[in-house]
Amino acid sequence: MPIQVSNQPDAFRDFERSGWNAVSEGYEAVFGPLTAQSVDVTLDAAGVIGACDVLDVCTGHGVLALAATERGAKVCAVDFSEVMVAAARRNAPSVDCRQGDAQDLPYPDNAFDAVVCGYGILHVPEPDRALAEMRRVLRPGGRVAISVWERPSPANGFGLLLGAVKAHGRLDVPLPHGPDFFQFGDPKDMKAALAQAEFSDVAAVTVAQMLLLETAAGLVNLPLQGGVRMRALLLAQDSTALSAINVAVAEGMDQLFRKEDRFQVPMPAILGSGVKPRQE
Ligand SMILES: C[S@@+](CC[C@H](N)C(=O)[O-])C[C@H]1O[C@@H](n2cnc3c(N)ncnc32)[C@H](O)[C@@H]1O
């Protein structure tokens, strides 16, 4: 299937950017411990094993960028949210972090040995443009590694949450049109997207990640505190629907994910990788 794009790219981009500016701190607090679990495997997939030039696209609070510097790399990072850029600069002061759009990267051609993008491509209005930009700034033979959330299923947290919204609320809330949040959310579709973007040696794997929560309500709070599209989806529900969603999530958490007095919620990632071909 061709890569889906927004049919309101400017409105969607503005919506995402103001959303990330608003939730930056919450994202780092609630999603940070989760996305940290796929940092090593992402850097491995991008071949970041020592001194090399690395770009972290959609860096957020700089988790991948910081870890790449700790492996000895020289690291640049980019994010379109000024609040996220400030967080990345705070967390990873040795990284050259700029404000910019993943669809129009502020770097020359063939500048990096590796490009990584953690959970960013699903927020971009035209992901095909962002993938083309990642390829442009890579040196021939350089590697890209991109993570996204696994598509909702009965065995993961997004499956429980979105299943509850579908059953008790509405999914068709008025938001600027964006591409399917989960369009790269299984290995087959991730590989197809990377091949469409003309990477070679494409691969994709599922990476296990576990969200540890003290309370069942933590699963609803996750997007409310640190999400953009899913936060807007939840905030757009009426109070009756929201109560029913909370009850359904609490029941599902008890049945599926309770481990004694806590909850362990699988939140797997799909990690795709590829190589910029040497012959153009
Ligand atoms: C889910 S966070 C990922 C943060 C971090 N990479 C991680 O692995 O946890 C997504 C980040 O992508 C950024 N972002 C979304 N769309 C973008 C775009 N078009 N250009 C640049 N950054 C973008 C957001 O500001 C946000 O910081």
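Trainee: Which residues touch the most other members of the largest nonpolar core?
Mentor: Val54 and Val115 do, in a core of 86 residues. Keep in mind that this is a predicted model.

Trainee: And what is valine 54 in contact with, leaving aside its neighbours within four places in sequence?
Mentor: Its contacts are Val48, Ala68, Ala73, Val75, Phe112, Asp113, Ala114 and Val116. As a general point, nonpolar side chains tend to be buried together in soluble globular proteins.

Trainee: Switching to the sheet, what is the strand order?
Mentor: The order is E3-E2-E1-E4-E5-E10-E6, an open sheet of 7 strands with mixed pairing. Strand E3 (96-99) and strand E6 (200-207) are the edge strands, each pairing on one side only. From one strand to the next, the twist averages 15 degrees.

Trainee: How many bridges join E4 to E5?
Mentor: There are 6, and the two strands run parallel. Glycine 118 has serine 147 in E5 as its bridge partner.

Trainee: Which residues are closest to the ligand?
Mentor: Trp20, Thr35, Cys58, Gly60 and Gly118, out of 20 residues that surround the ligand. Helix H1 (9-30) and helix H4 (63-70) are the elements that give two or more residues to that shell. By type, the shell has 9 nonpolar, 8 polar and 3 charged residues.

Trainee: One more: is serine 38 buried or exposed?
Mentor: Serine 38 counts as buried because it has 24 C-beta neighbours inside 10 Å, and 20 or more is the cut-off. Serine 38 lies in the loop between helix H2 (32-35) and helix H3 (39-45).

Trainee: What does serine 38 touch, not counting residues up to four places away in sequence?
Mentor: Serine 38 touches Ser147, Val207, Gln209, Ala269 and Leu271.

Conventions
Residues numbered from 1 in each chain as written. Predicted model: local features only at pLDDT ≥ 70, side-chain atom pairs only at ≥ 80, totals over all residues. Near = placed C-beta within 6 Å. Helix = DSSP H or I, 4+ residues; strand = E, 2+ residues; numbered from the N terminus. Nonpolar A, V, L, I, M, F, W, Y, C, P; charged D, E, K, R; others polar. Buried ≥ 20, exposed ≤ 12 C-beta atoms within 10 Å, placed from the backbone. Contact = placed C-beta atoms within 7 Å. Core = buried A, V, L, I, M, F, W, Y, C linked by C-beta atoms within 7 Å. Pairing = 2+ DSSP bridges. Axes fitted to C-alpha atoms, helices over the stretch in contact; angles between N-to-C directions.
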